[in-house]
Amino acid sequence: MLLSSISKTDAQVQGPLMPPQYADGILAVVGEKIIMFSDFETEKVQLARGQALPDSQRVFCFLLDQLNMRKLMLSQAEIDSLPLDEDRVEAEIDNRIRSFQRQAGSIEELERYLGKPIREFKDEIRPKMREQLLAQQMQ
């Protein structure tokens, strides 16, 4: 009798059960490289380019395949000590930012959308851009 009253009290304090929410998580591991769920979501947004994508197993498998292949190529590029010119990385980042700026309308609007200065955004995307370019170079 005492147990049931404790259970009811706990349930009343906790409220209704809510589905868990994740900040991020590991989706796959390729060699020593990790594919995060957020990487997958970013790829999904880039693939959609403003269009609605069906949440299907086919899309999931396609994107996961792409991410796996990119990490595999990146690992091989590192093993082969493939050189990558930092100017190329910066040029690609600048091209992307110009494209984003055209979509946003201005640098100020883009910074407002990103919630940070362009300089900070560049610092954040530089490692991913480097990985992407190395993987492309391996293909």
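Student: What does glutamate 124 count as, going by its relative accessibility?

Tutor: Bear in mind that this is a predicted model, where local features need pLDDT of at least 70 and side-chain atom pairs count only at pLDDT 80 or more, while totals for chains, interfaces and linings use all residues. Residues are numbered from 1 along each chain as its sequence is written, and side-chain values use heavy atoms, with hydrogens and water left out. Here buried means under 20% relative accessible area, exposed over 50%, and partly exposed in between (1.4 Å probe, protein chains only). Glutamate 124 sits at 41% relative accessibility, so this residue counts as partly exposed.

Student: Which side chain meets that of glutamate 124 in a salt bridge?

Tutor: A salt bridge here is a side-chain nitrogen of Lys or Arg within 4 Å of a carboxyl oxygen of Asp or Glu. For glutamate 124 the N to O distance is 2.9 Å, and the partner is lysine 116.

Student: How many salt bridges does a search of the whole structure find?

Tutor: Some are joined up: Glu90, Asp123 and Arg126 are linked in a network of them. Searching the whole structure, the number of salt bridges is 11.

Student: How many residues apart in sequence are the parts that glutamate 131 and lysine 71 tie together?

Tutor: These two form a salt bridge, with their closest N and O atoms 2.9 Å apart. Glutamate 131 belongs to helix H6 and lysine 71 to helix H3, so the pair links parts whose separation in sequence is 60 residues.

Student: In which helix do arginine 96 and glutamate 92 both lie?

Tutor: Their salt bridge has its closest N and O atoms 3.6 Å apart. Arginine 96 is partly exposed at 24% relative accessibility, and glutamate 92 is partly exposed too, with a relative accessible area of 25%. An α-helix has 3.6 residues a turn, so residues three or four places apart point the same way. This pair is 4 residues apart, about one turn, and both lie in helix H4.

Student: Which helices do the buried residues of H4 pack against?

Tutor: Val89, Ile93 and Ile97 are the buried ones in H4. Seen down the helix axis they fall within an arc of 65° (taken from the directions from the axis to the C-beta atoms), so they line one face. The face turned away from that side carries the exposed Asp87 and Arg102. On the buried side, the packing is against H5 (107-114) and H6 (118-138).

Student: What phi does serine 81 have?

Tutor: Most residues other than glycine have a negative phi, and most peptide bonds are trans. Serine 81 lies in the loop between helix H3 (57-79) and H4, and is exposed, with a relative accessible area of 59%. Although not a glycine, serine 81 has a positive phi of about 50°.

Student: How far apart are the C-alpha atoms of alanine 28 and asparagine 68?

Tutor: Alanine 28 is in strand S1 (residues 26-30) and is buried, with a relative accessible area of 16%. With contact meaning heavy atoms within 4.5 Å, and leaving out residues up to four places away in sequence, alanine 28 touches Lys33, Ile34, Ile35, Leu64 and Asn68. Alanine 28 and asparagine 68 are 40 residues apart along the chain, yet their C-alpha atoms are separated by 7.9 Å.

Student: What accessible area do Ile26, Val29 and Ile34 have together?

Tutor: Patches are made of residues with over 30% relative accessible area and no salt bridge; like charges are joined within 9 Å, nonpolar side chains (Val, Leu, Ile, Met, Phe, Trp, Tyr) within 5 Å. Isoleucine 26 is exposed at 55%, and isoleucine 34 is partly exposed at 38%. Areas come from the Shrake-Rupley method with a 1.4 Å probe; for residues, only the protein chains shown count as cover. The three residues form a nonpolar surface patch of about 280 Å².

Methods
Helix = DSSP H or I, 4+ residues; strand = E, 2+ residues; numbered from the N terminus.
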